[in-house]
Amino acid sequence: VDMYAKCGSIKHALRAFDKMPQRNMVSWNAMIAGHAQHGHAEEALKLVEKMRCEGVKLDHTTFICLLSACSHAGLLEEGCYYFDSMNQAHDITMSTEHYSCMVDLLGRAGSLKQADDFIKKMPFQPSAVVWGSFLGACRI
């Protein structure tokens, strides 16, 4: 699944995913990431809902994939919703990667002031990745 997605063949990745007799977190996250990487945010979000309906618990990697999908598609409200739900509804501790995705999301949406405020309120020192996301948004 991951190989097909990274090679640009979402169709083949989805076919392999659908044929799996049993899916695990790696296969779910690979398919969600594949959709996110290729600009299919809506498909990534639908897959997360399907995952939840099948009783699969979302993990920290799932949220990185989700936030990335929202960022690349300009889905600011959805990204903020998923970020806020991580700790509250899913008991997932947010990492630097999650914060970096949010900075990227805010920056791509043109909300540089909001991204700057977000960085200042982080519960830990911003990493080079967070600053890289912020600076990357300044170029857009």
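User: Is Thr62 buried or exposed?
Analyst: Happy to start there, with a model that is predicted, where local features need pLDDT of at least 70, side-chain atom pairs count only at pLDDT 80 or more, and totals for chains, interfaces and linings use all residues. Residues are numbered from 1 along each chain as its sequence is written, and side-chain values use heavy atoms, leaving out hydrogens and water. The scale runs from buried (under 20% relative accessible area) through partly exposed (in between) to exposed (over 50%), with a 1.4 Å probe and protein chains only. Because its relative accessibility is 0%, Thr62 counts as buried.

User: Which side chain makes a polar contact with the side chain of Thr62?
Analyst: Thr62 lies in helix H5, residues 60-73; helices (H or I, at least four residues) and strands (E, at least two) are DSSP runs, numbered from the N terminus. A polar contact is a pair of N or O atoms within 3.5 Å; within protein, one must be able to donate a hydrogen and the other to accept it, and residues adjacent in sequence count only if both atoms are side-chain atoms. Not counting residues up to four places away in sequence, Thr62 touches Met25, Asn29, Ile32, Val48 and Met51. At 2.6 Å, the polar partner of the Thr62 side chain is the side chain of Asn29.

User: Which residues is Ser27 in contact with, leaving aside its neighbours within four places in sequence?
Analyst: Ser27 sits in helix H3, residues 25-37, and counts as buried because its relative accessibility is 5%. Contact here means heavy atoms within 4.5 Å. Leaving aside neighbours within four places in sequence, the contacts of Ser27 are Val1, Phe17 and Met20.

User: Where is the kink in H6 centred?
Analyst: Helix H6 covers residues 76-90, and its 15 residues reach 20 Å from first C-alpha to last, close to the 21 Å expected. That expected span is 1.5 Å times one less than the number of residues. A bend at a residue is the angle between axes fitted to the seven residues ending there and the seven starting there. The kink in H6 is about 35 degrees, centred on Asp84.

User: What is the radius of gyration of the protein chain?
Analyst: The chain has nine helices and zero strands, and its C-alpha trace spans about 45 × 30 × 25 Å along the principal axes. The radius of gyration is taken over C-alpha atoms, and the globule rule is 2.2 Å times the number of residues to the power 0.38. For 140 residues a compact globule would be near 14 Å, which agrees with the value for this chain, 15 Å.
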